[in-house]
Amino acid sequence: MRRAALALAALLSGVVEAATLPSRAVLGGECCPGVVWTPDSRALLFLDGPPARGSTGIYQVAATGGEVTRRFSSVAFFSPALKWAVRPGAGEATTLERLADGRRFTLPTYGSDVTWTRSETRLAYARSDTSGNYDRRVTRVFVADVFGASRLVATLSGGSIHGWLDDTTLLLSGKPSAGARDRELFTLNTGTGARRTLRTALGFRSVTLSADGRQVAYTVSFDSAARNGLWVQGTASGSPRELSVFGSYRWRDATRLLLIPLSTAGGPHTLRQYDVTANAWKTLGDLGDQVRLADWSVSPDGRLMNYLSARDGNVRVLTLP
């Protein structure tokens, strides 16, 4: 009776009590920040070495926990689908190796990150000036087919690559000129040069594409009150939609965005879900814990979530409702 009365009081006051989402520790000992999912969503990969492991390499543990095994003996930046190993050199050349047959080619990335299309048959990278005011530094964006030469597709000031929408279209941001105040968030068809500006603002943070490239979430801050906030927008059409919350967010799938709201009151972090199609929020539950340094991610199939526990440093996994 007392529990029912409390639930009714909470409902009337507009406060929804979140249930704690059960999770399990799959890695302990504070060994493994920054773990990533395997493409099949069955395991987590992480970098480790002595004294915990016999040698340095990329190790793997099942999403259910258990034995830790070494997946790759060499250290590299591996592509999301684990088709390629990317190894920057000491100079301009980066070596890209196809894991299926060991075939290699090089690109003059000067150590820059490589951004893959979903098919991993094409990539992009940016090279920026290394001195001067960041907002005025020239950024040159290159694309290349695998085993092919790179070509310049854009020149920006203070620019960034945010991902591929499909096999031909990039999402970029940057200033149209060094003296401009604002940056543009825009799409660029690398074949035709066609460009579509999505938004203009002083700057864009945490720009994140949905799995199918049709939606983008981003944060604007230190701008005007009308521009600041967390926004979701279609990459092909539609106006930006403000979500009126702030926190750490990841796409669960093509239409659902997960968010852990910023909390200054302490206590466990809450996990919320925004449905773009329904334009509606739902609270999934709390973690019974806090996430350390926003270190969390969603499995490629959208069923699981991992996070680094602030309480004990363990990597934990939960099944999403």
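The structure is a predicted model, in which local features need pLDDT of at least 70 and side-chain atom pairs count only at pLDDT 80 or more, while totals for chains, interfaces and linings use all residues. Residues are numbered from 1 along each chain as its sequence is written, and side-chain values use heavy atoms, with hydrogens and water left out.

Salt bridges, defined as a side-chain nitrogen of Lys or Arg within 4 Å of a carboxyl oxygen of Asp or Glu, number 16 in the whole structure. Side chains of opposite charge can pair when their charged atoms come close. Arg303 pairs in this way with Asp301, the closest N and O atoms lying 3.8 Å apart. Asp301 is partly exposed at 39% relative accessible area, and Arg303 is likewise partly exposed, at 48%.

Strands are DSSP runs (E, at least two residues) numbered from the N terminus. Arg311 is exposed at 53% relative accessibility, whereas Asp289 is buried at 4%.

The loop between strand S26 (304-309) and strand S27 (315-319) also holds Gly313, which is buried at 2% relative accessibility. Beyond its neighbours within four places in sequence, Gly313 is in contact (heavy atoms within 4.5 Å) with Glu30, Arg292 and Leu308.

Ser297 belongs to strand S25 and is buried, with a relative accessibility of 17%. Its side chain makes polar contacts with the side chains of Trp37, at 3.3 Å, and Asn306, at 2.5 Å. A polar contact is a pair of N or O atoms within 3.5 Å; within protein, one must be able to donate a hydrogen and the other to accept it, and residues adjacent in sequence count only if both atoms are side-chain atoms. Excluding residues up to four places away in sequence, Ser297 touches Val35, Trp37, Leu304, Met305 and Asn306.

Note on methods. Helices (H or I, at least four residues) and strands (E, at least two) are DSSP runs, numbered from the N terminus. Buried means under 20% relative accessible area, exposed over 50%, partly exposed in between (1.4 Å probe, protein chains only).
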